[in-house]
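Please look through the sequence and the model shown here, and then follow the explanation from a single residue out to the chain that holds it.

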Amino acid sequence: MSQADIEIDEVGYDNWDGSTELWTVFLRVPVSVFVSIEDIRDEIAGIISKNLELVTGKDNGYWVSAEISPMRAPPPGRRLSDGMIRERTRAAILDEMCARETVWHGALDEIAFLSRIFDLISLPSHDSRFQNAEQDIWQHCINNFDWPQDGVYSGPRFRLYAAEQDIILKFICEVLHPIGTNHYGHFTLCGMLFDRIEESGAGSGSWRASATRCVCAPSVSTT
């Protein structure tokens with residue numbers, strides 16, 4: 001599935017019993033892969049659907065399914081993407097996450113989340129009482145709650161608006177990863193992230209492989 005092109009679409013809406021949004025994750029794989037998994041295709045889609053259900057929750061107003069189909073050839077004259085997330089696209093993603101007041105670290109605390117991307121002990125402290133980023137993040141984000149959530153986007157230590165490609169890619173994938181999920185709008189956020197990257201033409205390459213692993217990975221308890 002790491003070779004798949006991914007689309008996440010809202011395909012319907014059911015007003016019954018409190019209303020439910022119907023979403024489908026379309027995984028378009030190379031024809032050779034599609035043929036080779038013919039006997040187990042439905043089983044694979046079912047496993048992915050169950051993992052997606054772990055992300056969204058059964059009773060959060062979402063009904064999610066996965067569908068595997070052959071990859072579509074690009075229209076004549078269209079260049080294949082290099083998979084890079086450009087400056088304009090990352091700005092659109094981070095701006096929207098900020099506007100949504102997204103809890104980017106999900107069920108993890110800020111240190112547990114950021115440690116998956118950065119070496120916090122080697123980064124400097126912005127509080128003279130502490131020796132490194134891990135210590136002052138604990139003080140201001142976990143102990144006192146006096147630093148804003150959106151500081152991670154433009155702060156001088158993490159600089160997500162201007163970070164290297166692998167850093168912004170890791171950040172987005174960790175936001176999508178089921179291990180950190182704890183909010184009802186997570187699947188809508190997934191759709192937004194994929195939409196922004198699709199619109200930019202960056203929806204392939206290393207981005208797709210990494211995002212597939214993140215979204216379809218089994219959820220792991222954080223307690």
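Trp23 has its place in strand β2, which spans residues 20–29; strands here are DSSP runs of E with at least two residues, helices are runs of H or I with at least four, and both are numbered from the N terminus. This is a predicted model, in which local features need pLDDT of at least 70 and side-chain atom pairs count only at pLDDT 80 or more, while totals for chains, interfaces and linings use all residues. Residues are numbered from 1 along each chain as its sequence is written, and side-chain values use heavy atoms, with hydrogens and water left out.

Is Trp23 buried or exposed? Trp23 counts as buried because its relative accessibility is 8%, where buried means under 20% relative accessible area, exposed means over 50%, and partly exposed lies in between, with a 1.4 Å probe and protein chains only. Along the chain Trp23 and Gly12 are 11 residues apart, and their C-alpha atoms are separated by 7.0 Å.

From the strand we turn to a helix. Helix α3, made up of residues 87–99, has 13 residues and reaches 18 Å from its first C-alpha to its last, close to the 18 Å expected at 1.5 Å a residue; the expected span is 1.5 Å times one less than the number of residues. The buried residues of α3 are Thr89, Arg90, Ile93, Leu94, Glu96 and Met97. These residues lie on the same side of α3 because they cover an arc of only 160 degrees around the axis, the arc being that of the directions from the helix axis to the C-beta atoms. The face turned away from this buried side carries the exposed residues Glu87, Arg88 and Ala99. Just after α3, Glu101 takes a positive phi of about 55 degrees.

Which residues of α3 meet α7? Arg90, Ile93, Leu94 and Met97 in α3 meet Gln165, Ile168, Phe171, Ile172 and Val175 in α7, contact meaning heavy atoms within 4.5 Å. Helix α7 covers residues 165–176, and the two helices pack at an angle of about 35 degrees with their axes 12 Å apart; axes are lines fitted to C-alpha atoms, for helices over the stretch in contact, and angles run from 0 to 180 degrees between N-to-C directions.

Finally, the protein chain as a whole comes to nine helices and three strands. Buried residues make up 46% of its 223 residues.
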